[in-house]
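Here is a short briefing on one protein chain. Keep the structure open and follow each point on it.

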Amino acid sequence: MHKTGFTVLGLLIIISMLLGACQTVSTSSTNPTQPSLPTSTSNPTQVSKPTSIPNPTQTTLPTSTPVSTRKGAWVDSLVFTEQDDASAAVKQIQAGDIDIYAYTVADQAVYSQVKADPKLSYTNAVGAFNEITFNPSGPTFKDGRLNPFSDPKMREAMNWLVDRNYIVQEIFGGLAVPKFVPTSQFFADYARYIDVIRVLEVKYAYNPAQAKTVVTTEMNAMGAKIGANGKWQFNGAPVVLIAIIRTEDARKQIGDYFSNQLETIGFTVDRQYKTRSEASPIWNQSDPAKGKMHFYTGGWISTVISRDDSSNFGFYYTPLGSTSPLWQAFVNAPEFHNTDNTGCADRLWINNFTTMDERKTLWEQCLPLAMQDSIRMWLMDQISFTPQRADLSVGYDLAGGVAGSQIYPYTIRIISQEGGTVKIAQPGILVDPWNPIAGSIWVYDHMPQAATSDGGTMVDPYTGLSWPL
């Protein structure tokens, strides 16, 4: 019982005792709280005991809610299926074929469709982001073809060639914000170093004329020439850039947009459209020197609210990040990364600083060096959503959404029901091997793994702090 319940009951008992000791209560009184005067005074100490004390505020106490004796998850099972198309997934939810599409969707038309249906619901997340990954091998591949992106100045110039605002508005319908650096606008380090980042955002704003000037200078330095048809030539053959373009989401449109921009400055682009399973062996696992790709439409998700993005420089730009052949082909300026681990990315990778001022100095060094390197060209941070049926309840992470969260297996349930099966669709299943060491880093592989494993801590889905599990 709530504390105030005891207070009301106590007051009733006190009132009853006082009334019983001092006066007779008329059982016919129209006001149960107004007592009648005693009818006889022959014995002032003799009073009648009240027969009842009606009280309109007195209610029956609620019975206690039974406590569930269920152990483990609220549901009996999760069934994972693959669905690449967000619009098709929403139709499946409406038809009852699936319960949730566990993906960070950033499609304005689908968003409007979900909001308009009272039988549907959704959660929001801000941890997904997109970029272009370049192959740095070269200057030529093993077969003699030129790789323009082996030159850091060429990669840097690509930042001026893309209009991030166009991508945000025309491709994502406003469900994104432009991104230039390897930290999210929604996380703490962006706010900490916004004075440095804003300068870089202005410096690398859309400027296709500047991009063309730099590209012309660097291509000529590498021995390439513009042919009579206005296309770049190297050793008498066209410079053909191989684009590995993902097809499952907006990255197809991103890949086509970037390819179009490259063609405006004289390149020929071979657009190879691939699913994740088809693309991964090429961009992530093949020998970069064989030149199976020049660039890839990358997509990432931070599965937790990041309180410290210092390791992002080492992860995204240097061989520290992965044993993948692509990562091992990264070559960096020594002040950024070197074998002595004295570069700014190295020191931030291992937290080799003693004060926040010293950390700020390292960030101030790394941010412009990352833009000059541009092995990855950041495009936007998504403001995405996960559609689901309205009577499904699930905990999610503000960054990673449902698919990236640690808490979802402990909380997912059909409202007002214990047990049952929840059917989950996501864009991929079993993309890479689930090795405990150097295994899959795909969020699609993370989600079923999270439901079948435990750790010692749980990351708070709102703050990014760790709690004992």
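Strand β9 covers residues 240–246, and six of its seven residues are buried. Keep in mind that this is a predicted model. Strands of a sheet pair through backbone hydrogen bonds, either parallel or antiparallel.

**Strand β9 and its partners**

- β9 runs parallel to strand β10 (residues 268–274), and seven bridges join the two.

**A three-stranded sheet**

- Strands β6, β7 and β8 form an open sheet in the order β6-β7-β8, with antiparallel pairing.
- β6 (225–226) and β8 (237–238) each have a single partner strand, so one side of each has no neighbour in the sheet.
- Two bridges hold the antiparallel pair of β6 and β7 (residues 232–234).
- Look for Lys225, whose bridge partner in β7 is Gln233.

**Salt bridges**

- Side chains of opposite charge can pair when their charged atoms come close.
- The count of salt bridges comes to 22.
- Which residue forms a salt bridge with Arg276? The partner is Asp84, and the closest N and O atoms are 3.3 Å apart.
- This pair links distant parts of the chain, 192 residues apart. Arg276 sits in helix α10 (residues 276–283), while Asp84 sits in the loop between β1 (77–82) and α2 (86–95).
- Are these two residues buried or partly exposed? Arg276 counts as buried because its relative accessible area is 2%, under the 20% cut-off. Asp84 has 26% relative accessibility, so Asp84 counts as partly exposed.
- Asp189 and Arg359 form another salt bridge, with 2.9 Å from N to O.
- Asp189 belongs to helix α6 (residues 188–192) and Arg359 to helix α14 (residues 356–373), so their pairing ties together parts 170 residues apart in sequence.
- Asp189 is buried, at 1% relative accessible area. Arg359 is buried too, at 3%.
- Arg389 and Asp391 also meet through their side chains, at 2.5 Å from N to O.
- Arg389 is partly exposed, with a relative accessible area of 22%. Asp391 is partly exposed as well, at 32%.
- Salt bridges with shared partners join Asp84, Arg246, Glu248 and Arg276 into one network.

- Ile429, Leu430 and Trp434 make a nonpolar surface patch of about 280 Å².
- Trp434 lies in the loop between β16 (421–426) and α16 (443–450).
- Trp434 has a relative accessible area of 37%, so this residue is partly exposed.

**The whole chain**

- The secondary structure comes to 16 helices and 18 strands.
- The chain has 469 residues, and 45% of them are buried.
- Take the contacts between residues at least 6 apart in sequence: 72% of them join residues at least 24 apart.
- The accessible surface comes to about 22,800 Å², and carbon and sulfur atoms account for 56% of that area.

Note on methods: Residues numbered from 1 in each chain as written. Predicted model: local features only at pLDDT ≥ 70, side-chain atom pairs only at ≥ 80, totals over all residues. Heavy atoms only, no water. Helix = DSSP H or I, 4+ residues; strand = E, 2+ residues; numbered from the N terminus. Buried < 20%, exposed > 50% of the residue type's maximum accessible area, 1.4 Å probe, protein only. Contact = heavy atoms within 4.5 Å. Areas by Shrake-Rupley, 256 points an atom, 1.4 Å probe, with all protein chains shown as cover. Patch = residues over 30% accessible without salt bridge, like charges linked within 9 Å, V, L, I, M, F, W, Y side chains within 5 Å. Salt bridge = Lys/Arg side-chain N within 4 Å of Asp/Glu carboxyl O. Pairing = 2+ DSSP bridges.
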